[in-house]
Amino acid sequence: MTLRSAVAAIAVAVVASACQEQLPTSARDTLIPAGIVVEVVLPFDEFGSDLRVYGGFGRTSERGGGFVAHEFGAGTDPDAPARPGLQATTLIGFGGYPASASVRDTAGTTRTDSSLTFLSGRIYAAFDTVGSVAPGPVGLVVHEIADPWDRTTATWEFAVDTAGDPTPWSAPGGGSPQEIGRATWDRAQGDSVFVSVDSALVHAWADTARDFHGIRLEASTPGTRLELRGLGLRLQTRPSLNPDTLLDLAVSARSSTFIYDPPAPPPAPGEARVGGVPAWRTVLNVAEPADLNGPPSLCAAVPCPVRIEDRHVSYAGLQLFSRVPAAAYAPSDTLAIEVRTVLAPAFLPKSPLGPSITGLTGERLAPEWFAPPAGEVVEIPVTGLVRGLLNEETSDGARASRAIALLSVLEPLSLEYVSFESEDPARRPRLRLILSFSEGGG
Amino acid sequence: MRARLPAFLAGVLLAASALPNQTSAQSLMGVRGLGILGGAAGGRASAAGNLGIGLAGVEISATDPTAGSGLAFPTISVTMQPTWGEFELGQERGDVRVTRFPLIGIAFPVAAAGGVFTAAVSGQMDQRWAGEVPRVVDIGAGVPVSDRFEADGGISVLRAGWVQRIGSSFVAGLSAGAYLGRLDQTFDRTLDSLVLGGDVRNFVQEGAWRYSGAVVTAGASAAPHRLIHLAATVEWSSDIRATPADSARGEPGTYAIPLRVLAGATGRLTPRLALNASVAYQDWSGAKGFAAGATTGAKYSFGAGLEMQVVRGARRSLPVRAGYRRLAQPFRFESADPMETVWSIGAGLNLLESEGVRRGWLDIGLERGSRSSAPLVERYWRMTASLGISQF
């Protein structure tokens, strides 16, 4: 290596080694400004207005799953002891039986068999073991629905409830059905029950000349409200390619919904409500926080009044006081609610809503917060909303809306709903702010 | 390769200079006032323990306006300075790694006028450091927070000058320039979301300032004897103004910069060995605009060193150098006056010399320094590499 090459190599090595930088970083407290953090809780009048509740969003058929209930919550509402309990039943209609199945024949080859013999059937129901309320084993009854019904409009009173042609059930609650069988669900035994369907009925349902409108599942034990995770029909089937084998084939569901009675009572005065099916939403207008003249700890550190800017808001939480809902609709499992901006408040209740402020999963609310005596403080983070109001635009540059809606995540989420105080002066919604300032108030 | 080597080295150094955040030093000493005095010495001066004044021979210097008097051809010089250091602050230990480009200069002889035009950009003050500390704030309940403060900035000097040879042994030089710089400060507070709940945002407070000011340097050098070279300069600065920049928050400031006087000399002890010594005086104790107690009482910096030609050919030479400097920093870390001491060695490669004037060179200095202002102690290894090319 020549001298020049060595010098060049040294120069390159020096340059390369110098490309990594490391700031001298000290953990000495006195070198770093202390900063100021204060908590401010604004009463409703200082940030909110025009709180109102809208209902009617979504249908039971959009909910999926279903509910069965029998005299649930009857006589337990202190303010309405005569209120009847909740009756709910789940309806399901089926498509045709499977036309073929993949079968391993006697030679071991998997082939499509279109000559199937349906021997018998089983109706199965799977329940949410956490969300279901049952004092003990629950009696269940499965009926065949006698009336034609419409999955999107069926209610307790009407099999079809279109505007031009409402058709009531032959009897409220799903008509006058024919009982297929009974079963008892015990939470301790598992999450599912089965009701056998004999071969005659299986053959009868396959007869296209006979109207088969589906089945109805209802509870017979008072004080129960069960949440269904699945309801269906499975057929014991003998394939022609391998007659010694029995197949268990599912019949596809064509439609399903649930109907219930009585409808949820309208919100009481001073009640904000979120959830239910059809769902309720609570809408309120919010304003950016005004200049602050307190608390004393803030004014001791920075000159008051303090003009709040978006960067000062480290955290904002909308605080709501829980209230006991009607017993029949009280939550029995965690419910998730979210906050969205109302994009066109003039078109409420049909205004489109903005993206969720509370994320995909929303804020999860424990059911015990809404059990008597309630009054729990529920806090929903709305930092982005408040910063957007102060900045007068959202993070994507749109002008921030001053109306927000509280609604359940994946609306309609559940038959249950949650209630909050909206007028009690001591329990109206509040806005909790965690504000950060640098020394000197900047 | 012979012709392309200097160009290649220049390319390497200039490419490195384009990297971001490479222009300032870093030191916790930079927490107060205008930061730490970075210095603008090239590889030869730093290795020879010189303060940038009074070195015999051809130089491109930011501090000595007469240094380029002997240049016969247009010349450019670039200096790069990587530093590896550590600091102690009480029980705390930390590392520092930084590269800066303290001096980039050009000289352009104007034969008709018998002088040399010079221009240079050099580092002056540096304010790059960070602090990170966990705290607990009390808002009814204790909320853990993590605070980070970062300062990123510094002041450079852009100057242009003229060097005029008067007679056979006297040179006068004058340069004028402007202070240029910027300081960005960021305070970033992270609150614990597990305590407060979701959707917690950081509090970020940013401040930014632009520095401006003027500086004029007048100097003279003389060779009263063929073995002696003397030089002295006086540097006057206007106040440095710190003006809030952009939309960031900050209060304006005005900082007085005291007069600086430098003097240096080189004496040739043998045909191959030369001794240099230099001294600088700048009294910061009465400087206005700074927080009480921030400026030091230290006034004098001085340095001395040897340069020996170990290889001397007809067109090339290879000098080796060693020196010592004691530098007075202008700002205290807390209440103790800071002091910086530097031992240095180095070597040069004069690629092409003609009649004792070098036209291309590579100077490298390696320094072991320490600076202290109780309770802060910093130690570092620093390499300074300068490349000079004439007739480019």
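A nonpolar core is here a set of buried Ala, Val, Leu, Ile, Met, Phe, Trp, Tyr and Cys residues joined through side-chain atoms within 4.5 Å, where buried means under 20% relative accessible area, exposed over 50% and partly exposed in between, with a 1.4 Å probe and protein chains only. The model is predicted, with local features requiring pLDDT of at least 70 and side-chain atom pairs counting only at pLDDT 80 or more, whereas totals for chains, interfaces and linings use all residues. Residues are numbered from 1 along each chain as its sequence is written, chains are lettered from A and ligands numbered from 1 in the order in which they are written, and side-chain values use heavy atoms, without hydrogens or water.

The largest nonpolar core has 40 residues, of which Leu406(A), Phe420(A) and Leu435(A) touch the most other members. With contact taken as heavy atoms within 4.5 Å, and with neighbours within four places in sequence left aside, Leu406(A) is in contact with residues including Val274(A), Trp280(A), Leu318(A), Val339(A) and Ile380(A). A second, separate core of 37 residues includes Ala134(A), Val142(A), Val197(A) and Leu228(A).

Helices (H or I, at least four residues) and strands (E, at least two) are DSSP runs numbered from the N terminus, and chain A has five helices and 27 strands. Helix 5 of chain A (residues 383-391) is largely enclosed by the rest of the structure, because seven of its nine residues are buried. Among these buried residues are Leu385(A), Arg387(A) and Leu389(A), and the cover over the buried residues of the helix includes strand 19 (279-286), strand 20 (313-323) and strand 25 (403-408) of chain A. Helix 5 of chain A is followed by Glu392(A), whose phi is positive, near 60 degrees.

Over all chains the structure holds 18 aromatic pairs, defined as rings of Phe, Tyr and Trp (its six-membered ring) with centres within 6.5 Å, planes under 30 degrees apart counting as stacked, over 60 as edge-to-face and the rest as tilted. One of them is the tilted pair of Phe127(A) and Trp185(A), at 4.9 Å centre to centre and 40 degrees between the planes. This pair links distant parts of the chain, since Phe127(A) in strand 8 and Trp185(A) in strand 12 of chain A are 58 residues apart. Phe127(A) counts as buried at 3% relative accessibility, and Trp185(A) is buried with a relative accessible area of 1%. In chain B, the rings of Trp284(B) and Phe290(B) form an edge-to-face pair, with centres 6.1 Å apart and planes at 65 degrees, and both residues are buried.

One aromatic cluster is formed by Phe67(A), Phe258(A), Tyr260(A), Tyr329(A) and Tyr417(A). Arg273(A) lies over the face of Tyr417(A), at 4.0 Å from the ring centre, a charge being counted over a ring if NZ of Lys or CZ of Arg is within 6 Å of the ring centre and within 35 degrees of the ring normal. The charged end of Arg122(A) sits over the ring of Phe194(A), 4.3 Å from its centre.

The C-alpha trace of chain A spans about 90 × 85 × 45 Å along its principal axes, and that of chain B about 80 × 45 × 35 Å. Of the 442 residues of chain A, 51% count as buried, while buried residues make up 52% of the 392 residues in chain B.
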